[in-house]
Structures are given as structure tokens and as C-alpha cells.
Amino acid sequence: MITFNNLCLKYVGVSFYYVGRSLTTVFNVLMTYIILKTKTSTGAFICCAVIVSGFWLGVDQEGSTGSLSVFGTFFGVMASLFVSLNAIYTKKVMPHVNDNIWLLTFYNNVNASLLFLPLMAIAGEIGAIRGFDGFSDGVYWTKMILGGVFGFAIGYVTGLQIKVTSPLTHNISGTAKACAQTVIATYWYSEVKSGLWWLSNLIVLGGSAAYTRVRQIEMKKVNTYQDVKA
């Protein structure tokens, strides 16, 4: 998840990152069915189709400006897949750590540290580290420590949100965050986007919001049925 997120940002701008990562909800539906055996309604599938159409429109508009990166788009799709899987498996394994979010965060950080070692070797970055001359730079370590603190905070809050809500709620809030990120990035970098480009973002956001509403209604019906049955 972290790797594909970073690779996506390496090849695409921050503003397009939202569209490139917009398929998280779609993968959440697919993976929930495959892993948790939870079926999805027709209304939810329609919302997913809307999200996919917004994704394709965004890719088309990015291509028309000549700034489309195939690698960046691919990495964005893969990031969406693994963000969804991370949320689903976090919810699934939470009982195995007694719902202790601190313990789960500790396991995740240890696992990530170990898993990145072979990835660094495969990418040929071991030599780059040996030749790096910034280890004595206080500014470098300050930025690294701040990045680590923020990364730890994000991981903890993510796990806590999934624990008290659901993988779906986490992914929807992430979509809303990315939408705000797109607006800020466009303003910050003084980018000029076409009307269709902005429409693609609105389609993705609207499809995600509609999906949230559909699932909310479905869950309310299920809870009502269970209360009546009880």
C-alpha cells in the first residue's frame, strides 16, 4: 500500500492523485465479496459504475493535456487495491490482538520494516544509502523524524477508525480527504484544469457519496430486521 502510493505520486501530480486512487471503493466491494463473502446490492454496483466512469473521464482528460502517466495510473490503481485490502484485513485481524490498536500498529510497523528490506535490495537502493552524504545533516533527520511521527499518527488513526467503524467508512472518508487534497494542490501549484477534468472529480465524489448513502440505507434495514426478529 505504501509502496504503490509513493510510486503513484512519483509519476503523477498531487491533483491527479485523487482520480488515480479513486477506485478504492470499487475494490472494497470486490474484495469484501471475495474475502468476507459479503454480497453487494444492485444499487451499490451502480454507484461503483459511476465511480469507474469518473475515473476513466479523469484519465482521458489527463491524457488530453499530455500529462498522463501510464505508470502513475497503474500504480494508483494498485494503491487503491491494497488500501482496500489493508482496511479489510485490519478489521478482520482486530479480534486477534484483542482489539488493541496500539498492538496492531506495533505489528504493522515491525512487518513494514522487515518487508521493505528486500524491496530496497531489489530496487538497488542499498548502494544509494551507502553513498548518501546527508546522515550528518540535522535538517535531514528533523524532516525524517517528522515524517515518521506523521506516518505513525496516520497509521494509528487509520486503524482506530476502522476499528470503531468499518473498512467502508474509512475508504469513504479517505475519498473525501483526497478530494480536498485535489482542490488544495490545484491552487497551490497554480494548475489550470478543464471543466471535464473537474467533472471527473465530481463524478467520483458523487458516486462515492451515493454508495455511502446506499450502504447506510441497507445497513439500517438489516438492523431494523434484526431488532424485529429479536
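Me: Which residue just after α3 takes a positive phi?
Reply: This is a predicted model, in which local features need pLDDT of at least 70, side-chain atom pairs count only at pLDDT 80 or more, and totals for chains, interfaces and linings use all residues. Residues are numbered from 1 along each chain as its sequence is written, and side-chain values use heavy atoms, with hydrogens and water left out. Helix α3 covers residues 24–36, where a helix is a DSSP run of H or I with at least four residues, numbered from the N terminus. Just after α3, a positive phi of about 60° is taken by K37.

Me: Is N201 buried or exposed?
Reply: N201 lies in helix α10, which spans residues 195–229. Buried means under 20% relative accessible area, exposed over 50%, and partly exposed in between, with a 1.4 Å probe and protein chains only. Because the relative accessible area of N201 is 5%, this residue is buried.

Me: How are α1 and α5 oriented to each other, roughly parallel or roughly antiparallel?
Reply: Helix α1 (residues 2–11) packs against helix α5 (residues 70–93) with axes 8 Å apart and an angle of about 155°, the axes being lines fitted to C-alpha atoms over the stretch in contact, and angles running from 0 to 180 degrees between N-to-C directions. Angles under 35 degrees count as roughly parallel, over 145 as roughly antiparallel, 65 to 115 as roughly perpendicular and the rest as oblique. Therefore α1 is, relative to α5, roughly antiparallel.

Technical notes:
Helices (H or I, at least four residues) and strands (E, at least two) are DSSP runs, numbered from the N terminus.
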